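Here is a short report on one protein model. Look at the structure first, then read on.

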Amino acid sequence: MYNNILVPVALDKDHDTQASFEAARLLANANAEFTVLHVQEPIPAYVASQIPEEVLANTRKELQEGLHRDAAELPGAKPRLTSGSAGRAIVDFANENDIDCIVLASHKPGIENIFIGSTANRVVHHANCSVHVIR
């Protein structure tokens, strides 16, 4: 059983967070803390310079709202939004916040994962805590 559980989520229609939330609840101690994390991939500077500031601000606001909606499905969870490469950002967040378990959904790996690696693969190999991968 774990005390400080991180549940990274993707905020799109193709990802269902319910399996990850259910696994987190089952793995948690009675007084466990949950953090629901979304990692926003960085926009290259040459692209970001062409996007109006209000568009970037609205996008971040929409991500925050979606993250709060998802986190509300896991009672007591703290929503957190960060940016960077997903695998690295998840591992860094876990290390910096004394996370003792990461519950991470994964897709079925394809040929592209052989060359660049999946987020789940990176987290499993680099996290300093337990990682439960949901398929």
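## The sheet

Strand 1 (residues 2-8) and strand 2 (residues 28-40) pair in the parallel sense over six bridges. Strands here are DSSP runs (E, at least two residues), and helices are DSSP runs too (H or I, at least four residues), numbered from the N terminus. Two strands pair if DSSP finds at least two bridges between them. Asn-4 stands opposite Glu-33 in strand 2.

Five strands make up an open, parallel sheet, in the order 3-2-1-4-5. Strand 3 (78-83) and strand 5 (130-134) stand at the edges. Each has a single partner strand, so one side of each is left without a neighbour in the sheet.

## About the model

This is a predicted model: local features need pLDDT of at least 70, side-chain atom pairs count only at pLDDT 80 or more, and totals for chains, interfaces and linings use all residues. Residues are numbered from 1 along each chain as its sequence is written, and side-chain values use heavy atoms, with hydrogens and water left out.

## The loop at Ser-106

Ser-106 lies in the loop between strand 4 (101-105) and helix 5 (112-116). Ser-106 is buried, with a relative accessible area of 18%. Buried means under 20%, exposed over 50%, and partly exposed in between (1.4 Å probe, protein chains only).

Leaving aside neighbours within four places in sequence, Ser-106 is in contact (heavy atoms within 4.5 Å) with Ala-120, Val-133, Ile-134 and Arg-135.

## The cysteines

The whole structure holds zero disulfides, a disulfide being a pair of cysteine sulfur atoms within 2.5 Å. For Cys-101, the nearest cysteine sulfur is that of Cys-129, 6.7 Å away. Cys-101 is buried, at 0% relative accessibility. Cys-129 also counts as buried, at 17%.
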